[in-house]
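This briefing concerns the surroundings of a ligand and the aromatic contacts of a protein. Please consult the sequence and structure shown here.

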Amino acid sequence: MEGILFPRGVPEGLEGLDAYRARGGYQAVERLAGMSPEDVVAKVEASGLRGRGGAGFPTGRKLALTLECPETPRYVVMNGGEDEPGSKKDRVLMENVPHLILDGIILAAYAVQAEKAYLYINHGYEAATRAMETAIEEARQAGYCGADVAGSGFSLEIVMVPAPSNYVAGEDTAALEVIEGKEPLPRQKPPFPVTEGLFGKPSLVNNVETLANIAPIVNKGPESYRSFGTADSPGTMVFSLGDEMERPGVYELPLGTPLRHLVEECGGGLKSGKAIKAILPGGPSSGFLLPESLDLPLDHNSLREAGSSIGCGVVKVLTEDDSVVDEVVRIADFFARESCGQCPACRMETNMLVALLKKVQAGEGNDALVEQFGKVIAFNKGKGFCSLINMPGPPIESAVRLFPEEFRGA
Ligand SMILES: Cc1cc2nc3c(=O)[nH]c(=O)nc-3n(C[C@H](O)[C@H](O)[C@H](O)COP(=O)(O)O)c2cc1C
């Protein structure tokens, strides 16, 4: 199937400048002088692109809000922190199609009239960092970034910043703190980065994959982009499958593709050949689905209606022999460990959930204990600076709802 980001499928190997130009890359950047920032914003808004970093926020709206803010200078931040367990798509994108990402960053920077773009990349990603560095140098020599981009009068400096390898460091305002030379601690919001971001100035923070979608939209037009995906979730998405699958890896599929296609056709089913017990379709903060849901389309609306979410496309499949309780203990442990600890409610909630789940794991589950999960989760909802506090809720509550027998006594 033809993709938008990986035209020849993944992995395709590092795509250099000439190969990227040959597939229509940097066309809009070469014509930058003939386009207004508002033209770029309008195209991204018309495309319906939604952020691929997990929350699915409309990208065009983010661009418009940043451009509307009168304060200057403005900044663009590419979020390549990628520390969600199982996620590898941003690394694969940076290693394989760095010019596609850079093209999007330059167009996004022009759209919000930013003078500087920061590439915030997981510090363990050596090959990805090298690929982006080389692409920046090639693009600079071609006149696509640096001073007076393609004779347009617009200038853009691009800087690389290593991201610490902890989960919260990928939260957008924690990333801004790191770029400012501080600890990776999320900020209270509002204000949001679009009005008060890096150094207190309007900043566009977008995920790597989100930015990789901008050039195809601007170069080929929003209608062409919308020929992929659904009305509510246009385009394609890069999904990550784990080692439990016959063919683990990264797959680009049009949004709205049935989950079954990803699991069976792309992933080849479970490596063990066992039956599927449950699926987490959007990473550790999504709700579990039963195998009956395999025909659900992978898009924001369909997964939300089914009590789950698409997150950043990490799909985990549990076998009939796996314990759902063990899996949610692992998930809750992860969030408790990764909570930065600055919000007392988050510290308290994540640790309490682990303690309760460990009792269930020890065979001490009962109705009163199970009721505690919902209470703890509801009480703490939204009480942190970032959404980590809300993350353990969906997997735990869906597990309790779908597998009640696993939670009540040994
Ligand atoms: C704890 C936590 C970790 C996050 N980690 C990442 C990350 O590694 N990469 C990312 O793009 N977004 C991450 N996000 C989401 C960002 O805060 C932000 O929503 C995203 O970068 C916006 O980009 P988008 O609109 O293109 O999706 C994280 C959020 C939270 C709460």
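How far is an oxygen atom of the ligand from an N or O atom in the side chain of asparagine 207? The distance is 2.8 Å. This is a predicted model, in which local features need pLDDT of at least 70 and side-chain atom pairs count only at pLDDT 80 or more, while totals for chains, interfaces and linings use all residues. Residues are numbered from 1 along each chain as its sequence is written, and side-chain values use heavy atoms, with hydrogens and water left out.

**Ligand surroundings**
- A side-chain N or O atom of threonine 210 lies 2.7 Å from an oxygen atom of the ligand.
- For glutamate 82, a backbone N or O atom is 3.0 Å from a ligand oxygen atom.
- The protein covers 91% of the 620 Å² of accessible area that the ligand has on its own (Shrake-Rupley method, 1.4 Å probe).
- Strand β4 (residues 203-207) contributes the most to the ligand shell, with three residues (strands are DSSP runs of E, at least two residues; helices are runs of H or I, at least four).

**Aromatic contacts**
- The structure holds nine aromatic pairs (ring centres within 6.5 Å; planes under 30 degrees apart are stacked, over 60 edge-to-face, the rest tilted).
- Tyrosine 167 and phenylalanine 334 form a tilted pair, 5.1 Å centre to centre with 55° between the planes.
- Tyrosine 167 lies in the loop between β3 (157-163) and α8 (172-179) and phenylalanine 334 in helix α14 (residues 324-338), so their pair ties together parts 167 residues apart in sequence.
- Tyr20, Tyr26 and Tyr144 form one aromatic cluster.

Definitions and conventions:
Rings of Phe, Tyr and Trp (its six-membered ring) pair if their centres lie within 6.5 Å; planes under 30 degrees apart count as stacked, over 60 as edge-to-face and the rest as tilted. A polar contact is a pair of N or O atoms within 3.5 Å; within protein, one must be able to donate a hydrogen and the other to accept it, and residues adjacent in sequence count only if both atoms are side-chain atoms.
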